[in-house]
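Here are a few notes to go with the coordinates, in the order I would go through them. Have the viewer open as you read.

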Amino acid sequence: MATAWKYRFLVDVWAEPREIEGLPTVIRARVVDMATDEEHYVGSFAEIAQIITVRLDAEGIRPARWERS
């Protein structure tokens with residue numbers, strides 16, 4: 001039986017090298033809620049988790065935990 005995933009998120013993370021040698025590479029990320037196409041640009045993994053938690057909490061899905069498939 002196939003599971004229909006109602007709550008899906010796209011997480012896109014990329015690294016941008018700096019033009020000035022010696023400066024740290026900038027890590028950027030974007031989270032897209034696939035149900036609403038709402039897009040957020042974030043600066044940390046904590047922000048990614050917060051966006052997902054807020055969305056699931058709004059739907060009454062608690063508790064949630066991260067798990068490796």
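1. Reading from the N terminus, the order of elements is β-β-β-α. That makes 3 strands and 1 helix for the protein. Please keep in mind that this is a predicted model.

2. On overall dimensions, the radius of gyration is 15 Å, whereas a compact globule of 69 residues would come in near 11 Å. Along the principal axes, the C-alpha atoms occupy a box of roughly 50 × 25 × 25 Å.

3. Burial and contacts come next. Buried residues make up 16% of the 69 in the protein. Among contacts with a separation of 6 or more, 24% join residues 24 or more positions apart.

4. Which residues form the largest nonpolar core? There are 7 of them: Ala 29, Val 31, Val 42, Ile 48, Ile 51, Ile 52 and Leu 56. Strand S2 (26-33) and helix H1 (45-58) each contribute at least two residues to this core, and H1 gives the most, with 4. As background, nonpolar side chains in soluble globular proteins tend to be buried together.

5. Beyond its neighbours within four places in sequence, Val 42 is in contact with Ala 29, Val 31, Glu 47, Ile 48 and Ile 51.

6. Finally, the surface and the charges. The accessible surface of the protein is about 6,100 Å², and carbon and sulfur atoms account for 53% of that area. The side chains include 9 positive and 12 negative ones, and the centres of these two sets are 7 Å apart.

Methods: Residues are numbered from 1 along each chain as its sequence is written. This is a predicted model: local features need pLDDT of at least 70, side-chain atom pairs count only at pLDDT 80 or more; totals for chains, interfaces and linings use all residues. Side-chain values use heavy atoms; hydrogens and water are left out. A nonpolar core is a set of buried Ala, Val, Leu, Ile, Met, Phe, Trp, Tyr and Cys residues joined through side-chain atoms within 4.5 Å. Buried means under 20% relative accessible area, exposed over 50%, partly exposed in between (1.4 Å probe, protein chains only). Contact means heavy atoms within 4.5 Å. The radius of gyration is taken over C-alpha atoms; the globule rule is 2.2 Å times the number of residues to the power 0.38. Accessible areas come from the Shrake-Rupley method with a 1.4 Å probe; for residues, only the protein chains shown count as cover. Lys and Arg count as positive and Asp and Glu as negative; His and the chain ends are not counted. The place of a charge is taken as NZ of Lys, CZ of Arg, CG of Asp or CD of Glu.
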